[in-house]
Amino acid sequence: MNKKRSKLGPVTVIFILMINLPNLAMILDLDPTPLFGKLAKQPPWPRTVGDIVHFPGRFRLYYTKNFGFRGSIVRLHGLIKQDIFGCSPSPRVLIGKDGWLFLRTEKAPESSRGLEPFDKGEVDQWLNMIDRRLRFCQSLDIAYRFVVVPNKQTIYPEHLRSVMSASADVTRLDQLLKAADSRSLGNVVLDLRSAMRRAKKETEFSLYYSTDTHWNNLGSYVGHIEVIKSIKRNGVNFAVAPVSRLAVESTRALGGDLARLSGLKLDSHDELIAVRRPDWRQIEPEPDAFFFDSPKMARNRVFVCREGDVDNVILLHDSFGIALIPHLAHYFNRMRAIFTHEFSQALIQNERPDVVIQVVAERRLHTLDPRKL
């Protein structure tokens with residue numbers, strides 16, 4: 001019995017040391033590099049009742065961000081699952097072909113494959129929302145466009161593994177566009193898929209990042225052309241440089257958000273695309289230009305282009321709209337870009353823009369409830 005205990009003793013000691021190694025690393029500051037973002041500051045000891053109430057949450061954030069060897073552990077986990085077992089390190093990420101990664105959550109596969117079509121009531125809810133926004137803008141002599149940005153899976157299905165590439169004939173976006181035509185909203189709801197597929201064939205560069213959810217600067221440039229072509233404002237003919245006239249540069253960069261979710265950002269690489277148009281104009285941020293109508297609309301910025309063709313635009317966007325900002329700002333003296341799906345009538349009445357552009361990712365047709373927007 002004693003011999004058995006003596007044999008287990010070192011194993012027990014090693015086990016205790018191993019599970020406490022991350023805490024030791026935190027105390028001795030042995031591994032200060034965060035997995036992503038920044039390290040959190042250690043919260044001060046509570047002095048008041050309010051501090052006591054908030055201390056557990058603050059300490060949890062500190063411990064999670066600063067957990068010793070966290071980045072190394074997550075990275076090792078990702079490498080083992082991907083390289084040895086050939087499966088995704090994250091339930092949120094699909095591994096495709098040729099090093100491509102795709103979003104698995106937020107209904108991205110379903111929206112591209114047409115697996116969960118709208119019922120009649122759902123598509124009407126979306127069109128009712130779009131129609132309300134259009135009518136409000138029209139009452140103020142403002143143009144309105146609702147832009148749906150296609151998922152990466154929709155434009156690059158060939159990089160999916162065969163089990164995920166099969167699709168139905170009709171997607172929610174197809175249904176929305178068909179119903180929009182029947183309600184005379186076909187010129188308001190913009191479908192970028194055909195333009196993206198044409199550009200994909202005509203350029204040697206990808207339009208989406210291989211290790212990120214989003215389109216790159218070239219893809220967003222292609223998308224912005226379709227948006228600008230759809231806007232005719234006060235007789236202005238926007239001069240849009242075609243993709244063939246762009247100066248495109250590609251540099252090697254670390255992996256994007258899907259690589260980070262897999263814990264493999266440092267082991268993945270992607271193409272960072274920069275585009276420069278021949279008719280380039282100076283675009284500058286406007287400092288201290290804020291209008292807070294709702295807490296959800298607090299993430300907003302204003303950009304100024306003194307050579308713009310039209311006075312003012314409001315861009316209401318999700319994460320896909322970020323790459324559109326420099327392209328669209330080229331045409332407007334002033335652009336307010338707000339990261340939101342909301343539509344604030346008070347904001348629009350206050351700003352009185354010439355155009356309101358709403359940008360929504362294709363997968364949001366599955367995850368958003370238009371009745372609540």
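Okay, let's start with glutamate 122, which is partly exposed at a relative accessible area of 27%. Before I go on, keep in mind that this is a predicted model.

So who does glutamate 122 pair with? Its partner is arginine 172, in a salt bridge where the closest N and O atoms are 3.8 Å apart. That one ties together distant parts of the chain: glutamate 122 belongs to helix H5, residues 120-139, while arginine 172 belongs to helix H8, residues 172-182, and the two are 50 residues apart. Is arginine 172 buried or exposed? Buried, because its relative accessibility is 10%, and the cut-off for buried is under 20%.

Staying in helix H5, there's another pair, arginine 135 and aspartate 131, which sit 4 residues apart, or about one turn of the helix. They form a salt bridge too, with 2.8 Å between the closest N and O atoms.

One more pair for you: aspartate 51 and arginine 58, whose side chains meet in a salt bridge at 4.0 Å, N to O. Both ends are in the middle class for accessibility: aspartate 51 is partly exposed at 25%, and arginine 58 is partly exposed at 44%. If you're wondering how many salt bridges a search of the whole structure finds, the count is 18.

Take helix H9, residues 193-202, and helix H10, residues 217-230: their axes come within 9 Å and cross at roughly 135°. As for the hand, the crossing of H9 and H10 is right-handed.

Which residues make that contact? From H9 you've got Ala195, Met196, Arg198 and Ala199, and from H10 there's Gly219, Val222, Gly223 and Glu226. Sort the contact by class and you get 4 nonpolar, 2 polar and 2 charged residues.

Technical notes:
Residues are numbered from 1 along each chain as its sequence is written. This is a predicted model: local features need pLDDT of at least 70, side-chain atom pairs count only at pLDDT 80 or more; totals for chains, interfaces and linings use all residues. Side-chain values use heavy atoms; hydrogens and water are left out. Axes are lines fitted to C-alpha atoms, for helices over the stretch in contact, and angles run from 0 to 180 degrees between N-to-C directions. A crossing is left-handed if the near helix is turned anticlockwise from the far one by less than a right angle, and right-handed if clockwise. Contact means heavy atoms within 4.5 Å. Ala, Val, Leu, Ile, Met, Phe, Trp, Tyr, Cys and Pro count as nonpolar, Asp, Glu, Lys and Arg as charged, and the others, Gly among them, as polar. Buried means under 20% relative accessible area, exposed over 50%, partly exposed in between (1.4 Å probe, protein chains only).
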